[in-house]
Amino acid sequence: MKNTIVLLLFGLLPLGAQDIKFPESFEKLASKAKESVNVNLDGTMLQLAGNFLSSRNAGEAKAKQLSAELKGIYVRTFEFEKEGEYTDADVAPVRSQLTGARGWSSMVNISEPGERVEVYAKKEGDRVVGMTVMVSEKRELTVVYVDGPIDLSQLGDLVRKNINVKVDVGKPDKK
Amino acid sequence: MDRLEDALRDALRRKEAPEGFAERVLARHAAPAPRPGPWQALRLWLQPPSLRWAGAAALTLVLLAGFQYTAERRRRAQGEAAKEQVLMALRITADKLEYTREKVQRVADLSALSVRSAAGQAKPANFI
Amino acid sequence: MVYSLALHFVRDPSAAEDIAQDVFLRLHSHMAGLKSDSHALFWLRQVTCRRAIDGLRKKSHGEISLEEAREPATAPPAADPLLSQRLNRLVGSLPESLRMAVVLRYQEDLDPEEIARVLDLPLRTVRDHLQKGLALLRQKASRYLGEV
């Protein structure tokens, strides 16, 4: 039985001036996935979240610091039961926005049999003001788009601090 | 649930009553009523005016406070949910970047190996 | 909730306030008949809806119909920060019968059965209203929302 982890969706696909959009065809991968994560946090929600991130908790304080200047964070993760549930053609519409968009450049692009790792960054002068990470594995596909300035060195701390995140299994969609 | 429905929920979110609403309700309640019929007049005569006024005031304030409390509770729930999402999103980002770093490191090691190799024919993975 | 329901329906803040004031004043005289919090909430929703519908019928707001709603000369950019305002306008231009069902569904998150009880309508009618309302909104909103 499909087990879908669906976090709250706040409104539509974000309405700010973010560069990257997830097309309908890409979103439909969720229906094939045994688990999916869907996060859309625009500037307003990030600000709201910031009010609830505790400065007394090391991990939350770090998250608060990282997200303070961001305009948006958008995540899609699909975990499939078996290989072959998605193809590169499903990812291509997202990739094409990055390879065509002004200011964006590829920083990492590693292809191995059955896997591909891509990192794109948007720079203004010396500053990174956007980042997209796409990891295509045999049974898992993840795209993370971060809109706004992000300090990559601080992100590593979040892995090391092993933040405990509550995740609720979502209810089936209401028809 | 589709995007239009999400957008409608957002657009039709409850709006707070304007400032001074409670006072205006009370003022309206306290305003002279139209001339009552005889039975209504008798009922009004039996009910002390101060209680009438106090009752309406208490009721309104309790109701408005109740609804504001609900709005605050909802805001709090939204904030907590947003917080969990931020933590989740950043954690996923960090995990994937760590995965990327390991891949890059492996490729770099392989590249270094192929450069050092006397045969020089080892083909590293595609690395742009 | 009361003010908000009225506002989303009549789309006129001062009319919405009048309606909300009326409802609270009526509540005072009906307090004795209310058996619980949920009964009170039901009563408030029902009376607000009735007052809002009556209020709208008595007063002409000069609203334009959904079909007449002007579309922008060019398709708006995908990133539209005024989406909520536009959707509100579109909801406000729905026929009354559809509009109240849509507002109760998406402001109050009521199921069709609950909406039917509040509006004292058959369930089938409410489902029909919701379906038609959404279809109209989807048609008009597609420019702002892309594929919906």
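A word on conventions before the details. Residues are numbered from 1 along each chain as its sequence is written, while chains are lettered from A and ligands numbered from 1 in the order in which they are written. Because this is a predicted model, local features need a pLDDT of at least 70 and side-chain atom pairs count only at pLDDT 80 or more, whereas totals for chains, interfaces and linings use all residues; pLDDT itself is the predictor's confidence in each residue, from 0 to 100.

Let me begin with the strands of chain A. Helices (H or I, at least four residues) and strands (E, at least two) are DSSP runs numbered from the N terminus, and two strands are said to pair if DSSP finds at least two bridges between them. Strand 3 of chain A, residues 104-112, runs antiparallel to strand 4, residues 115-124, and eight bridges join them, with A:Ser111 standing opposite A:Arg116. The hairpin of these two strands has two residues between the strands, and A:Gly114 takes a positive phi near 80° there. Strand 4 of chain A is in turn joined by nine bridges to strand 5, residues 127-136, again in the antiparallel sense, and here A:Glu124 stands opposite A:Arg127. That hairpin also has two residues between its strands, with A:Gly125 taking a positive phi near 65°.

How many of the eight residues of strand 6 of chain A are buried? Seven of them are, so this strand, residues 140-147, is largely enclosed by the rest of the structure. In that wording, a residue is buried if 20 or more other C-beta atoms lie within 10 Å of its own, exposed if 12 or fewer, and partly exposed in between, with C-beta atoms placed from the backbone.

For an exposed residue, we can look at A:Thr99, which has 12 other C-beta atoms within 10 Å. A:Thr99 is found in helix 5 of chain A, residues 88-100, and its C-alpha atom is separated by 8.6 Å from that of A:Tyr120, 21 residues apart along the chain.

Next come the nonpolar cores, each being a set of buried Ala, Val, Leu, Ile, Met, Phe, Trp, Tyr and Cys residues joined through C-beta atoms within 7 Å. The largest has 45 residues, and those with the most contacts inside it are C:Ala6, C:Ala20 and C:Val103. Helix 1 of chain B, residues 3-11, supplies at least two residues of this core, as does each of helices 1 to 7 of chain C. C:Ala6 touches C:Ala16, C:Ile19, C:Ala20, C:Thr48 and C:Ala52, not counting residues up to four places away in sequence, and a contact here means that the C-beta atoms of two residues, placed from the backbone, lie within 7 Å. A second, separate core of 39 residues includes A:Leu41, A:Leu46, A:Val143 and B:Leu97.

In chain C, nine of the eleven residues of helix 5 are buried, so this helix is largely enclosed by the rest of the structure; among the buried ones are C:Val103 and the charged-side-chain residues C:Arg99 and C:Arg105. 

Chain B has four helices and one strand, and from the N terminus on its elements run α-α-α-α-β. Of its 128 residues, 19% are buried. Chain B averages a pLDDT of 72, and 56% of the residues score at least 70. Where pLDDT is low, the predicted coordinates should not be read in detail.
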